[in-house]
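Here are a few notes to read alongside the model.

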Amino acid sequence: NLVIGEGEILGYLYSKGIKPDGVQTLDKDMVKMICKEHDVEVLDVDPIKVEEMARKKEIFDEEDLDKLQDRPPVITIMGHVDHGKTTLLDYIQKSKVASSEAGGITQGIGAYKVQVPIDGKVQQCVFLDTPGHEAFGAMRARGARVTDIAIIVVAADDGIRPQTNEAIAHAKAAGVPMVVAINKIDKEGANAERVMQELSLIGLMPEDWGGDIPMVQVSALKGENIDDLLETVMLVAELQDLKANPDRSGKGTVIEAGLHKAKGPVATFIVQNGTLKVGDIVVCGEAFGKARALFDDGGNRVKEAGPSIPVQVIGLNHVPIAGDEFEVVDSLEIAREKAELRAESLRNERISAKAGDGKVTLSSLASAVSTGKLSGLDLHQLNIILKVDVQGSIEAVRQALQVLPQDNVTLKFLLQATGDISSSDIDLAVASKGIILGFNVRAPGSVKSYAENKGVEMRLYRVIYELIDDVRNAMEGLLEPVE
Ligand code: GDP
């Protein structure tokens, strides 16, 4: 453990011509420079990243670490309505799924395996077949992290639209790498260059222009360049070094569930670590049971499913909810106990969310600032989801907020988009501990009560200065509680 003494730091600052006054805060670059001098690694602590890292650790145990093997990436397609998500999914499914080559029909279990030939070798990936950021956000709000890579579809004849922004915000907040599919290049009026320009303006710099976001021009309708897109996705996956230990009991996440007339409760699991086998006792959320049979994406009975592989499971006592975690346990008694514990903790969570415990609000921020209790409250950074009426308002509000002094609290915009507040905004706020600020927009009653149940603060304004004042006062610890 290396400790850098105060004297050394002061000395360094003097050597750079800075006369510290004893109470000033060093900016990030200065801290990095000092650490570099002393060979200390700097971890840029973004609360969202920390959360994601913690979750990754939850998936692996100590015993897994030396048995990790490569696993296929799990991919979600997101983007604005009508930009071609479903067409893309359909094309990939029809042309790349092994079972359809053999004349079989895919069964719609919620995800399917795709074979991608790369350098003469066939590699596998898995597509979730509910496109859109709504499903992605809802899963994340339940604490699930299944997607490894997001394909953001943008129509080349239409460009960035509100849901494109939302999709990007969700992927970013989850720390999921993106590949952009610029779609409909076959259409008259398609302008891929313009789409790339628009994307670069919101921080997604194309790889071709020296940035780090791969973008592939495709026609989902004609199947043009889809191989290219899939290869690009696999390259991004390779960089992520996706691993799991197949040689242990299975655990993962429910991605779809329902009640089947003949089979009873059915659920599709994506195994994230270990291998799930027929006969295993599983708990998922509040449901449990013995996996009496497993079906793959082609509707075939299978004996087991390893990491990243989707399987439909029958034998549960209830229908679980998408986003619930599942795990294999030793006996039905343990399964029952765990399911009951889970049900109870969910009840408590609901009660405390309603009561506003631990809720991130402008008032809680203000009182934390005024009492100097920022640390440990996730409040050093205020995560904002900004919804406004028209594009021009975004910059107006953003600029006014960004010039506020950020000494105690920094502002981070998770999403800035036009349109009324939706339940997927609430999901984003839950998953990333953010608040929602609306300017000249509305929230439907159902969204309001959803926010209340989830313990998310939503503030709606008609006057821009009131919005700015509230945030400034909160950051300075001066906001009067509204309740
Ligand atoms: P989604 O709402 O994002 O799932 O969009 P859809 O996949 O339903 O596509 C919306 C419309 O765009 C449909 O009429 C598709 O046939 C059409 N479409 C999708 N991809 C392409 C494409 O690459 N080229 C052209 N010309 N039309 C496309």
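1. The buried residues of α2 (residues 28-37) pack against α1 (6-15), with contact meaning heavy atoms within 4.5 Å. Those buried residues are Met30, Ile34 and Cys35; buried means under 20% relative accessible area and exposed over 50%, with partly exposed in between (1.4 Å probe, protein chains only). Viewed down the axis of α2, they fall within an arc of 135°, so they line one face of the helix; the arc is taken from the directions from the helix axis to the C-beta atoms. Helices (H or I, at least four residues) and strands (E, at least two) are DSSP runs, numbered from the N terminus.

2. Turned away from that buried side, α2 carries the exposed residues Lys28, Asp29 and Lys36. Just after α2, Asp39 has a positive phi of about 60°.

3. A word on the basis: this is a predicted model, where local features need pLDDT of at least 70, side-chain atom pairs count only at pLDDT 80 or more, and totals for chains, interfaces and linings use all residues. Residues are numbered from 1 along each chain as its sequence is written, and side-chain values use heavy atoms, leaving out hydrogens and water.

4. The largest nonpolar core has 27 residues, and Leu88, Ile92, Val114, Phe127, Ile151 and Leu229 touch the most other members. Such a core is a set of buried Ala, Val, Leu, Ile, Met, Phe, Trp, Tyr and Cys residues joined through side-chain atoms within 4.5 Å. Its largest share, 7 residues, comes from α9.
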